[in-house]
Amino acid sequence: MPAWEKNIRKVIPYTPGEQPSRPNMIKLNTNENPYPPSPAVTKALQELTPDSLRRYPDPGAEALVQALADYYKVSSQQVFAGVGSDDVLAMSFLAFFNSKKPILFPDITYSFYDVWADLFRIPYECPPLDEEFQIRTGDYLRECGGIVLPNPNAPTGLEKSLEELEKIIAANPEVIVIIDEAYIDFGGDSALLLLPKYENLLVVQTFSKSRSLAGMRIGYAIGNEKLIKYLNDAKYSFNSYTMSAAALAAGTAAVGDDTYFKETLQKIINTRERTKKELHRLGFSFPDSKSNFIFATHPKCPAGKLFEALKQADIYVRYFHKPRIDNYLRISIGTDAQMDELIRFLEHYLGESL
Ligand code: PMP
């Protein structure tokens, strides 16, 4: 090892899902929305002028922040926007988790949390989910440096009730509790309802899934004005122009088209419920997902083997080679036609191989 290498900040990075792009593939591995963004988004992008690209974007993302504030009926000082919720969550870890006590998040959850904690040298502990993959409220009623919980959880898809979340938030007034609601629009109850009661609550959401804009990288946090100020202080100490002019225009237009948003969500929810029935019929079991994916296991076919077989058939799903979940596949909800094809493949494959 060269002498200089010992002074380098070494991190084990997060591994994103594969992003292959072949014409006929069925891509159900990164929880993208199978439908295009609202036509209003395409229009807003077409209307971008060369001048708006020549200039720096608005560092405060004001139009987008105001649109979100109006939509969620909060003040614009309660909204922080960033480059996908990954950026917003990373800023939140940096700004809010500054204690010597460990922060808490579940053992099975979004696998970026431990990466940020390691990067920022934040101590952490991971209370295990119970046998049914539920977050146990009691594990979070203790002294700690902060809490981050995704709701619904990923990759299980399970929602925790607001009453249970409230117990955790109320029991931890000395630290910040972040609820990561990347998948909340697919039928869950948002913790935004609890905001008027709790100053220590930060709700984080994204345009990547429910608003079909993963490629634009737009995420946001909503919390009390003081928390948002601290988040902005962290951001302006790092990079003032995080969001591009295109992202700001696209995001603002997306929030403006609520009819399209609700229609798209309903289609995905309907497809999810139909897919659950089909998977049950084929012998799969899975937690009852409230998200845009299903985390499924089959009693007779190892998940790793099925993952490879699906890949051979150009159907991509996500497989995590990790303790407790290495016999599960996370299957994103695609269009009805894509899910029909998946089910046809599974029917045939399980019929032949078992
Ligand atoms: N939180 C959770 C639980 C997720 O699954 C994801 C998607 N990978 C994110 C946050 C980040 O999404 P994005 O940065 O695209 O908003």
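Predicted model: local features only at pLDDT ≥ 70, side-chain atom pairs only at ≥ 80, totals over all residues.

Entry on helix H6. Which residues of H6 are buried? I looked along the helix, which runs over residues 162–170, and found Leu162, Leu165, Glu166, Ile168 and Ile169. These residues lie on the same side of H6, because they cover an arc of only 160° around the axis. I then looked up what covers the buried residues of H6, and the cover includes strand S5 (146–150), strand S6 (177–180) and strand S7 (201–206).

Entry on the ligand. I found 13 residues surrounding the ligand, and the closest are Ser85, Asp180, Tyr183, Thr206 and Ser208. For Ser85, a polar backbone atom is 2.7 Å from an oxygen atom of the ligand, whereas for Thr206 a polar side-chain atom lies 2.5 Å from a ligand oxygen atom. In the side chain of Arg217, an N or O atom is 2.8 Å from an oxygen atom of the ligand. Taken alone, the ligand exposes 400 Å², of which the protein buries 92%.

Entry on Ser332. I placed Ser332 in strand S12, residues 329–332. Is Ser332 buried or exposed? Its relative accessible area is 2%, so I record Ser332 as buried. Leaving out residues up to four places away in sequence, I list Leu28, Asn29, Thr30, Asn31, Asn292, Phe293 and Met339 as the residues that Ser332 touches.

Terms used:
Residues numbered from 1 in each chain as written. Heavy atoms only, no water. Buried < 20%, exposed > 50% of the residue type's maximum accessible area, 1.4 Å probe, protein only. Helix = DSSP H or I, 4+ residues; strand = E, 2+ residues; numbered from the N terminus. Arc of directions from axis to C-beta. Contact = heavy atoms within 4.5 Å. Near = heavy atom within 4 Å. Polar contact = N/O pair within 3.5 Å; in protein donor to acceptor, adjacent residues only side chain to side chain. Areas by Shrake-Rupley, 256 points an atom, 1.4 Å probe, with all protein chains shown as cover.
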